Amino acid sequence: LKLGTNAIVLPFRDPITFARQCATLDHLSDGRLLPTVAVGRDDAPEWAATGRSPKGRGERVDEALEVITRLWASEVADFDGRHFSLRNASISPRPKQSPLPLWIGGASPGAIRRTIRFGNGWLAPLQSPAEAGATVATIRAESIAAGRPIPDDHYGATFLFRIGPGSSDFPVPIRRDVDSAVQRRTQSVQAIGDAKVVLDRIREFRSGGITKFIAIPLARNAGEMVEQSRLLAAEVIPHAND
């Protein structure tokens, strides 16, 4: 089993510390770490909560990815950038995987460019199956043209699910601070009903080239979280490749 993450918002992280954290986890897990990073939404409340500005975050992430991948790949790394710099820098322990696989999240032109330049895989944001399929097609074409193709089984997406009697009436909470566009995107990745509904949603994504999934249970409490995970394992996963 891989030790994976959802998309970590990289502008909130120090890239040198993040590179060392990932390398340490990869070392301790015997080469099973699968990290994913993203730029993050410009309207996320974390910017104001932490006193940061989303302005220029794309450029910062580009430099951070240079720093991170150089530290993972080399015994000693140098880098000169506007936001970060390294001089004879190294981390210990070293990652066990070489290269350490890094997935990139997001669907903007910048996210696609970063995926092709730095990524070993791609994770869709809150995109419908059709939208995710269109992004997969773009990444495939552009990565092949760049001579750095992303493997066909390294495309992922997130969906929200709830299985069982009464699930179709499950009240999905709508936060007042989330705009209508985000609400629509959230609804486009929901699968609420019986196991067939969930499998149909998975097949929609698979038809567009998505092969990996982050399945998030819609649950009111820890007990429901466990039960929904059990139902996914028993009723959905055995048939996901049918």
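Analyst: Helices (H or I, at least four residues) and strands (E, at least two) are DSSP runs, numbered from the N terminus. By that numbering, Pro99 is found in the loop between β4 and β5. This is a predicted model, in which local features need pLDDT of at least 70 and side-chain atom pairs count only at pLDDT 80 or more, while totals for chains, interfaces and linings use all residues. Residues are numbered from 1 along each chain as its sequence is written, and side-chain values use heavy atoms, with hydrogens and water left out.

User: Which peptide bond next to Pro99 is cis?

Analyst: Most residues other than glycine have a negative phi, and most peptide bonds are trans. Here the bond joining Ser98 and Pro99 is cis, with omega about 0 degrees. Pro93 lies in the loop between β4 (85–89) and β5 (103–105), and the peptide bond from Ser92 to Pro93 is also cis, its omega being near 5 degrees.

User: What is phi of Asp30, and where is Asp30 placed?

Analyst: Phi of Asp30 is near 60 degrees, a positive value in a residue other than glycine. Asp30 sits in the loop between α1 (15–28) and β2 (33–38). Asn88 is not a glycine either, yet has a positive phi of about 50 degrees. Asn88 belongs to strand β4.

User: Is Asn88 buried or exposed?

Analyst: Buried means under 20% relative accessible area, exposed over 50%, and partly exposed in between (1.4 Å probe, protein chains only). Asn88 has a relative accessible area of 60%, so Asn88 is exposed.

User: How many residues of α3 are buried, and how far does the helix reach?

Analyst: Helix α3 (residues 57–73) has 17 residues and spans 24 Å from its first C-alpha to its last, close to the 24 Å expected at 1.5 Å a residue. The expected span is 1.5 Å times one less than the number of residues. α3 is mostly covered, with twelve of its 17 residues buried. Among them are Val61, Leu65, Ile68 and Trp72, and also Arg57, Asp62, Glu63 and Glu66.

User: At what angle do the axes of α3 and α4 cross?

Analyst: Two packed helices are described by the angle between their axes and the distance between the axes. Axes are lines fitted to C-alpha atoms, for helices over the stretch in contact, and angles run from 0 to 180 degrees between N-to-C directions. The axes of α3 and α4 come within 12 Å and cross at roughly 10 degrees. Angles under 35 degrees count as roughly parallel, over 145 as roughly antiparallel, 65 to 115 as roughly perpendicular and the rest as oblique. α3 and α4 are therefore roughly parallel to each other.

User: Which residues of α3 meet α4?

Analyst: Contact means heavy atoms within 4.5 Å. On the α3 side the residues are Gly58, Val61, Asp62, Leu65, Glu66 and Thr69, and they meet Arg113, Arg114, Arg117 and Phe118 of α4. By class, this contact has three nonpolar, two polar and five charged residues. Ala, Val, Leu, Ile, Met, Phe, Trp, Tyr, Cys and Pro count as nonpolar, Asp, Glu, Lys and Arg as charged, and the others, Gly among them, as polar.

User: At what angle do α7 and α8 pack?

Analyst: Helix α7 (residues 195–207) and helix α8 (residues 222–236) pack at about 75 degrees, with their axes 10 Å apart. That angle makes α7 roughly perpendicular to α8. Ala195, Val198, Leu199 and Ile202 of α7 make the contact with Leu232, Glu235 and Val236 of α8. These residues divide into six nonpolar, no polar and one charged.

User: What does Val136 contact beyond its neighbours in sequence?

Analyst: Val136 is placed in helix α5 and is buried, with a relative accessible area of 1%. Leaving aside neighbours within four places in sequence, Val136 is in contact with Trp122, Tyr155, Gly208, Gly209 and Ile210.
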